[in-house]
Amino acid sequence: MKFINKMLMGAALVSVMSCTEDFEEMNLNPNQPAEASPAQLFATAQYNFADNIADEWNNGRMGMYYAQYWASTYYTDESRYQIRESVNQTMWNTFYADVIKELSEAQRIDAQTKMEGFENRMAIAEIFKVLAYHYLSDIYGGPIPYSEALDDENATPRYESGPEVYAGLLNTLEKQIAVLQGTGMQQSYATGDIIYGGNVPLWIKFANSLRMRIALRMIDVNRDAAVEAIRKSLDPANGGIISSNEESALFRWLSSAPNNNPINQAFKTRIDFSMAAPFVDYLKKYQDPRLAVYADPLSTDPTMYVGEVYGLDQGNGNSNGSRKLVSLPSVYAVGAEAPTIILDYAEVEFMLAEIAARNLGLGVGTAEEHYAKGIKASFDFAGLGNDAYTAYLARVPYVAPDLETAKDVIGSQKWIAMYTQGIQGWLERLRLDFEDPYTNEAIFVLPEDGSLDPDVEAVPFRMSYPVTEASLNGENYMNAVKTFGTNTKGAKAWWDVN
């Protein structure tokens, strides 16, 4: 893994492990040399992945800003698209070194020891690698080091194109689903699997649901391959898809540091994030009861919810986190035990709604049916009752005479349901390019005081590659950058044709 070792030396990355009751698999005695077990490595990889997509930097200052769920209370550069390069480097490094490498090491040990259930453990670890590569490819616009990234003898792996990466991910999922179904065993991780507790049927459902997400993301540029992947995901013989909130893939945090939700920990020292006006205003527009779940009211009036203007210059009327001026995120997002959503049932139902709206001939039912189920799943997860759901659904009916309107109807509700999932909310904002389906008004706004990135006006289309890649893997980096013209956040991902 010369590429990863070289990357770590270049960035001086330090990886920190932590402990919890169920996370105890990550703990090793530093005074007693020992090889970590596959369960310890898998728990660590899950923890590192969840932290990487849910922390105050990659979620708070990237995903939640770019999806316009949150605004900045004072330090506004990131909400105006000026990034901190060290943060970008750490995000890239964490996916490769602290997630993918850990998973590969777990597989190496399992392949050597062949303890009971090792085939299933290796397959589940490979599925989790797909998830990490999927995030990497989409965040950075497509080309990434992929099949050569873990080569022990290769310090400069080539960047494979977005279509190549996606083809590899879909092929891997198909193979690993077959492995999990073919072993005839239910044994996998007795400990160390924080997401599904080693439940093989649920990992199969997750893999099928992830395959469906990947397929839909590329459907506008490779329809035939996308439809075939969706068909396989929906085939009952392949083990099914996530079909209830209880089957959602969640990383559950604990009540105290260091294993509480990372955003919760950040809020203990200062309040950098408030609810963004575009999100609050859209929820208020249709009297969405989830607003009172997602946000806290003003401290001066328990009936008032006010979003902060998005993209203000620092000192130009920012709230400074004052609860008298703006609504702050509630415990739904920043509570110690608020889970990190990896892929949930609501998303699956909205995917099915889109599949039906596209008339792909896959026999999934009607778009209206799945649209309603997606909203219901979101309401249930938010702890809201059936009466509230029924009344709200009447205000936002499924009315879509064409695909573009369907993308507006489904996209706007999927965006709301994805609250807290900043990165995925941003990516779906880009892909579906939705507006208010009932008024044709824009939902999103330009940064109030303008973008600080000259290549970006409304929203970044991708994250730029870490600057160290130019020196550590120069030739391959330059070949990848040619895809975009320059290493810019203003160039679209390969699947984004809106």
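User: What does the accessible surface of the chain come to?
Analyst: In this predicted model, the accessible surface of the chain is about 18600 Å². Carbon and sulfur atoms account for 51% of that surface.

User: And how much of the chain is buried?
Analyst: Of the 498 residues, 60% are buried.

User: What radius of gyration does the chain have, and what would a compact globule give?
Analyst: The chain has a radius of gyration of 22 Å. A compact globule of 498 residues would have one near 23 Å, so the chain agrees with that expectation. Along the principal axes, the C-alpha atoms fill a box of roughly 60 × 50 × 45 Å.

User: How many helices and strands are there?
Analyst: The chain holds 19 helices and six strands.

User: What share of the contacts join residues at least 24 apart?
Analyst: Taking contacts between residues at least 6 apart in sequence, 77% join residues at least 24 apart.

User: Let us turn to α17. Is it enclosed or open?
Analyst: Helix α17, residues 422-432, is largely enclosed by the rest of the structure, because 11 of its 11 residues are buried. The buried residues include the charged side chains Glu428, Arg429 and Arg431, and Trp426 is also among them.

User: What covers those buried residues?
Analyst: The cover includes α2 (38-54), α3 (56-66) and α5 (118-139). It also includes α7 (200-217), α13 (345-357) and α16 (403-417).

User: What happens just after α17?
Analyst: Asp433 follows the helix there and takes a positive phi of about 50°.

User: Which residues lie nearest the centre of the second largest pocket?
Analyst: Arg429, Asp433, Phe444, Ala458 and Val459 lie nearest its centre. Of these, Arg429 is a buried residue of α17, and Asp433 comes just after that helix. The lining of the pocket has 16 residues in total.

User: How much space lies in that second largest pocket, and how does its lining divide?
Analyst: The second largest pocket contains about 300 Å³ of space. Its lining residues divide into 10 nonpolar, one polar and five charged.

User: What is Glu337 in contact with, leaving aside its neighbours within four places in sequence?
Analyst: Glu337 is in contact with Trp253, Leu254 and Ser255.

User: How far apart are Glu337 and Phe251?
Analyst: In space, Glu337 and Phe251 are 9.7 Å apart from C-alpha to C-alpha. In sequence, 86 residues separate Glu337 and Phe251.

Notes: Residues are numbered from 1 along each chain as its sequence is written. This is a predicted model: local features need pLDDT of at least 70, side-chain atom pairs count only at pLDDT 80 or more; totals for chains, interfaces and linings use all residues. Side-chain values use heavy atoms; hydrogens and water are left out. On a 1 Å grid over the protein atoms alone, a cavity is a set of points where a 1.4 Å probe fits but cannot get out, and a pocket is an open set with protein on both sides within 12 Å along at least five of seven lines; lining residues have an atom within 4 Å of a point. Grid points are joined across faces, edges and corners, and a volume is the space filled by probe spheres set on the points. Helices (H or I, at least four residues) and strands (E, at least two) are DSSP runs, numbered from the N terminus. The radius of gyration is taken over C-alpha atoms; the globule rule is 2.2 Å times the number of residues to the power 0.38. Buried means under 20% relative accessible area, exposed over 50%, partly exposed in between (1.4 Å probe, protein chains only). Contact means heavy atoms within 4.5 Å. Accessible areas come from the Shrake-Rupley method with a 1.4 Å probe; for residues, only the protein chains shown count as cover.
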